[in-house]
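Okay, thanks for having me.

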Amino acid sequence: MVGPRGQESQGPQQVETREDEEQNIKLTEILELLVAAGYFRARIKGLSPFDKVVGGMTWCITTCNFDIDVDLLFQENSTIGQKIALTEKIVSVLPKMKCPHRLEPHQIQGLDFIHIFPVVQWLVKRAIETREEMGDYIRSYSISQFQKTHRLPEDDEFMQRKEKAVKTVNDIFEVYKPQRKYKRQKGAEELLDEESKVHATLLEYGRRYGFSRQAGKTEQAEDKKIVLPSGLAASGKAEPCDEDDLQAAEELRIKTLMTGMAAMATEEGKLTASTVGQIVGLQSDEIKQIVSEYAEKQSELSAEERPERLGAAQQHRRKVASLNKQILQKTKLLEELQAKCADLQAKCTEAKKTLTEVKSYSEKLDKEMAALETIESQADSSVLQNLRALVAMNENLKSQEQEFKAHCREEMERLQQNIENLKAEAAESGEEEETNKLIDQQYKTEKDKLQKIRLLLARRNREIAILQRKIDEVPSRAELTQYQKRFIELYSQVSATHKETKQFFTLYNTLDDKKVYLEKEVNLLNSIHDNFHQAMASSGSREQFLRQMEQIVEGIKQNRMKMEKKKQENKMRRDQLNDEYLELLEKQRLYFKTVKEFKEECRKNEMLLSKLKASSS
């Protein structure tokens, strides 16, 4: 207990920790990771490695936004108690965050950067991922908040385009809204069931429901009876129909519905190609395109056949439309040709670039060949002959190697064939069964030996594990040094608290004694004051009062002498203890100096032993 008391005047003793090259490398990697993640306080040179690493871990845990019931308040230059509490909190939080790496509080306090590095690496990765998620969330939230109160020029343009687009869509709906083609006659039979009403309504608008494409063709043939001659209509009726009973009944019902309808006033006596397409039910893009092309061709043919019936303006419009169509076709062809030309130009540019590279490479080879020829002309002819002979020998050896490999393959195939033949002969002679029995017996024997060896190996592994646990229970030199450092710091803290408490006790006792003496003095003065008038009344009482006063003064002088004597004794004892304390301090300095020299000699011894081993190996 003498050693730690000597350290009170020198401050806490700095115990040496393990600082090898690998620890320093890991510390540098940890600080680089923290700086890359955004913890720039790791760059401050005035902070200790403990403050940098623990501060970075606390920052990463806080950045991860993990819901934990722990107060991770980090302060720089904390006391040993605060450091221990903070490291224990960090270690308790890591399993809750599902950290795959284990870490102990003494490893953080002892600055074991080799074990701290994977934890910091995982925390930095988790912090970066969390920050990216929160960044996307905050960005989308800020955009939504901005759009509530502000508008960009693009938004105004979009609103204008939106109004035009909505208007255009409404116009298109208005133009292409359903148009009624047929109307039921007034004297037609009344429809009773709902399905017939639905069919009739759809037929009024040129739609059909619940029949196949073949049925549509039949209706198309029926509708064409309106405009076809009677002979063609009769021939159309003669075509065979192979529909089943269900389709026949449906067709009959549709015919019945159509007999009670009449065409609208605007469409009466007129059957266009679009109406036919709607009635048939094949409203595909191909049919519409074919119908439109057919109508255009028919109009062009009619205009060419009967030019005298058309006016000059109508002929001009038709020619302009035809020329515009040809211009569009030629424009499309021009665009295709321009695209092909651009592709060909790009390919030509690449080919020129490749040709330039090949030419430069060829020139380079020519220069190297010329340089080699110059060197060859300047070199010794005997050396060149030796080189040529060696090259020829190398080529010869390569060819021999290939021939040898081919021969080996042929020999291997021949031997494999011999093995197959021997196996076939052994199977025929019955010797293979005995061989198999011997092999099985040997296999079982070797398997039993392997099992025994595995059992022995498992037993040895258990013994090794037990010894390993016993070895792990014994603390290492670094851990002992760390424990010594922590105990010294704790003892310093306890000693300081104890010293402060003793000072409070001493102050209390001194003030209490002072209070007692003051009370005695006050009582004495009060008694003198009370008895003074009575003592002065007569001469006898006055003499008695004076004698009492002399006795009181004599007692006070004796008490003073005793207190001064006690003071001198305490002073001598203090001087003696101070001399002993200085001697112990000198011994402590000598002890630390000896330990430092011993460590230096041990380090030199290890270096010499390593050099000796290296030279012997």
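So, on secondary structure, what you have here is 18 helices and 2 strands in the chain. Keep in mind that this is a predicted model. The chain has 617 residues, and 15% of them count as buried. As for surface, the accessible area of the chain is about 50100 Å², and carbon and sulfur atoms account for 56% of that. One more overall number: take the contacts between residues at least 6 apart in sequence, and 64% of those join residues at least 24 apart.

Let's go to a helix pair. Look at H3, residues 49-63, and H6, residues 113-149: their axes come within 8 Å and cross at roughly 35 degrees. The crossing of H3 past H6 is left-handed. Which residues in H3 and H6 meet? On the H3 side you've got Pro49, Val53, Met57, Trp59, Cys60, Ile61 and Thr63. Facing them from H6 are Phe113, Ile116, Val119, Val120, Leu123, Val124, Ala127, Thr130 and Arg131. Sort the residues of that contact by type and you get 13 nonpolar, 2 polar and 1 charged.

Now, aromatics. How many aromatic pairs does a search of the whole structure find? It comes back with 3, and I'll show you two of them, starting with Phe532 and Phe545. That pair is edge-to-face, with 6.2 Å from centre to centre and 70 degrees between the planes. Phe532 sits in helix H17, residues 477-535, while Phe545 sits in helix H18, residues 539-616, so the pair ties together parts that are 13 residues apart in sequence. Phe532, at 39%, is partly exposed.

Then there's Tyr591 with Phe592. Their ring centres are 5.6 Å apart and the planes sit at 55 degrees, so this pair is tilted; the edge-to-face label needs an angle over 60. Tyr591 has a relative accessible area of 52%, which makes it exposed because the cut-off is over 50%. Phe592 comes in at 27%, so that residue is partly exposed.

Okay, over to the loops. If you find helix H8, 194-204, and helix H9, 213-223, Tyr205 is in the loop between them. Tyr205 is partly exposed, at 34% relative accessibility.

Last stop is backbone angles.

Move along to the loop between H5 and H6 and you'll find Leu111. Here again phi is positive in a residue other than glycine, near 55 degrees for Leu111. What about the accessibility of Leu111? Leu111 is partly exposed, with a relative accessible area of 24%.

Definitions and conventions: Residues are numbered from 1 along each chain as its sequence is written. This is a predicted model: local features need pLDDT of at least 70, side-chain atom pairs count only at pLDDT 80 or more; totals for chains, interfaces and linings use all residues. Side-chain values use heavy atoms; hydrogens and water are left out. Helices (H or I, at least four residues) and strands (E, at least two) are DSSP runs, numbered from the N terminus. Buried means under 20% relative accessible area, exposed over 50%, partly exposed in between (1.4 Å probe, protein chains only). Contact means heavy atoms within 4.5 Å. Accessible areas come from the Shrake-Rupley method with a 1.4 Å probe; for residues, only the protein chains shown count as cover. Axes are lines fitted to C-alpha atoms, for helices over the stretch in contact, and angles run from 0 to 180 degrees between N-to-C directions. A crossing is left-handed if the near helix is turned anticlockwise from the far one by less than a right angle, and right-handed if clockwise. Ala, Val, Leu, Ile, Met, Phe, Trp, Tyr, Cys and Pro count as nonpolar, Asp, Glu, Lys and Arg as charged, and the others, Gly among them, as polar. Rings of Phe, Tyr and Trp (its six-membered ring) pair if their centres lie within 6.5 Å; planes under 30 degrees apart count as stacked, over 60 as edge-to-face and the rest as tilted.
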